[in-house]
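The points below start with the charged pairs and end with the overall fold.

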Amino acid sequence: MLLIGDEFGDFKKYDLRQIKHHEIKVLGKITDENELCEYFNRTKIFVYPGSAGLSIIHAASYGVPVLVSDKWSGHMPEITLVRDYLGGATFNFGNTTDFAKMIIHCLENKILLKKLSENGIQACEDTFNID
């Protein structure tokens, strides 16, 4: 699991040690699209524990399923990718155990990941584009 970004306050709420057998690396902020592309193309799931916005569309456009909290009121409008188009999954907000379980569930369920990926790509093509 890679943590990319300049602030990890939302991750601090959750006990990442529960995600056993998965290495966790903190990379910090990355803004170069070529570098992000390399990571997205190797990523199985994009986890956003805080108020999700454009970054979930960015991940989905690469075919990366997203995992966000079920606290709908805390997200930006882009959350429709998950809520309406089923391009991602949710975990119970503030629940460390559910957070870890959902990450593991998604990583171990290839059929689910494929479906979420397909839904996310379709949502980006149909709704979240510049056309």
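1. A salt bridge is counted here when a side-chain nitrogen of Lys or Arg lies within 4 Å of a carboxyl oxygen of Asp or Glu. By this rule the protein has 2 salt bridges. The model is predicted, so local features need pLDDT of at least 70 and side-chain atom pairs count only at pLDDT 80 or more, while totals for chains, interfaces and linings use all residues. Numbering starts from 1 along each chain as its sequence is written, and side-chain values use heavy atoms, with hydrogens and water left out.

2. Relative accessible area is classed as buried under 20%, exposed over 50% and partly exposed in between (1.4 Å probe, protein chains only). Asp84 is partly exposed at 48%, and Arg83 is partly exposed at 40%.

3. The other bridge links Lys114 to Glu118, at 2.8 Å from N to O. Both residues lie in helix α6 (residues 110-126), 4 residues apart, about one turn of the helix. Lys114 is exposed at 54%, whereas Glu118 is partly exposed at 36%.

4. The protein contains 6 helices and 5 strands, taken as DSSP runs (helices H or I, at least four residues; strands E, at least two) and numbered from the N terminus. Their order from the N terminus is β-α-β-α-β-α-β-α-β-α-α.

5. Of the 131 residues, 42% are buried. With a contact defined as heavy atoms within 4.5 Å, residues 24 or more positions apart make up 48% of the contacts with a separation of 6 or more.
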